[in-house]
Amino acid sequence: MTEFGDGTRCVHGGHGEPSAGRPLAPGPVFAAPYHLGESADFYGRAGNPSWRALEEAIGDLDGGSCVLLPSGMAAISTLLRSVLRAGDRLVLPSDGYYATRQFARDELAELSLSITEIPTTGPWPDEVFAGARLVLLETPSNPGMDVCDIAELSRRAHAAGALLAVDNTTATPLGQRPLALGADFSLASDTKALAGHSDLLLGHVSTADEQWAERLRKARTLSGAIPGPFETWLAHRSLGTLDLRLARQAQNAAALVEALREHPAVSGLRWPGAPDDPAHAAAAAQMRRWGGVFRFELADAAAVERFVSRSRLLAHVTSFGGLHSTVDRRAQWGDPVPEGFVRFSAGCEDTDDLVADVLHALA
Ligand SMILES: *Cc1c(COP(=O)(O)O)cnc(C)c1O
């Protein structure tokens, strides 16, 4: 569907050719065994038509083959287990999603990996790449909103014989296409903006290399970590409005960043979409559009509690990218950030309502 725009691809992706009597929007397929015969499907752990429909839609947006997994961490852990062998060197972002580092350290301990942690903004000396098997980037990083150059780091990783993967959760395939920038894998927690309604967990890995896609599918079938058909169907239904939701979220983020820019209670405001943000130039060079996630600091943990409790619209939850505007105080989860550090996810509320509510809550 590459001749169409993002909104069209979100609405039509994975819905197949029209055929008389077939529903315009088919429901989920729940099945353990299938009648055997001339069909791709024989058993629910190995394949499901609802998975394939969403994989076709996301793969079209990512520019590769998509392998759906039951959560973002299932996507990350399946990729790491498939790529890494005992003694390999793995490069991870020191400022990225914390469970990724914990998984590599604790759950892959038997592989005796050599793990190098680098902040998203580097520095990225040659030694980082030499002898590495896999380099994982997260850009924009979460929660810091820093950005690194996917094309340049992919070139350097490949020159050193390493594979490169990008955690594309914050951007979504509409915000950024890592495979087109040279990455071997683009993965995401679709729990966040892609599904976007805070009612399911899901993840995926996309790759332009069909052999890797096949290996990941096999890992999914054999591990048994498979997505539920209903969650898959809900996410596919939600994908239809991703373009619209991101547009409202980015509009709300821009308005809030503008309103908070000179606010005396706020410091450390960062959103890559802001023209004066330190990450803006690098982000604009590789990103296609902005999302609704930004961050700032209040005085301390109590100030964040007061902020949320005075608001009528903000929910204090640890996720982002959904319809509802949400606030997460990241220090409570062990991120190496100040106590008053807030990751703010702008939702799809009316912009004026949201700005008024946030300014009232901070007053
Ligand atoms: C949430 C998140 C994950 C993990 O995804 P789950 O769906 O919760 O397993 C991975 N990476 C990033 C950047 C995330 O925000």
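Start by selecting helix α3 (residues 72–83) together with helix α4 (residues 98–107): their axes come within 10 Å and cross at roughly 40 degrees. Helices here are DSSP runs of H or I with at least four residues, strands are runs of E with at least two, and both are numbered from the N terminus. The axes are lines fitted to C-alpha atoms, for helices over the stretch in contact, and the angles run from 0 to 180 degrees between N-to-C directions.

Before you go on, know that this is a predicted model, in which local features need pLDDT of at least 70, side-chain atom pairs count only at pLDDT 80 or more, and totals for chains, interfaces and linings use all residues. Residues are numbered from 1 along each chain as its sequence is written, and side-chain values use heavy atoms, with hydrogens and water left out.

Back to your pair of helices. α3 and α4 are oblique to each other, because angles under 35 degrees count as roughly parallel, over 145 as roughly antiparallel, 65 to 115 as roughly perpendicular and the rest as oblique.

Next, show the ligand. Which helix gives the most to the shell around the ligand? That is α3, with three residues. The shell has 13 residues, and M73, D167, S189, T191 and K192 come nearest; a residue counts as near if one of its heavy atoms lies within 4 Å.

Now zoom in on the polar contacts, which are pairs of N or O atoms within 3.5 Å.

- T191: a side-chain N or O atom is 2.6 Å from an oxygen atom of the ligand.
- S189: here too a side-chain N or O atom is 2.8 Å from a ligand oxygen.
- G72: this time a backbone N or O atom lies 2.8 Å from an oxygen atom of the ligand.

On its own the ligand has 380 Å² of accessible area, and the protein covers 93% of that (areas come from the Shrake-Rupley method with a 1.4 Å probe).

Finally, visit some loops. In the loop between β3 (114–118) and β4 (132–138), select P123: a cis peptide bond joins G122 and P123, with omega about 10 degrees. Move on to the loop between β4 and α5 (150–159), where you will find P140. T139 and P140 are also joined by a cis peptide bond, with omega about -5 degrees. Your last stop is S112, in the loop between α4 and β3. S112 is not a glycine, yet its phi is positive, at about 45 degrees.

Conventions: Polar contact = N/O pair within 3.5 Å; in protein donor to acceptor, adjacent residues only side chain to side chain.
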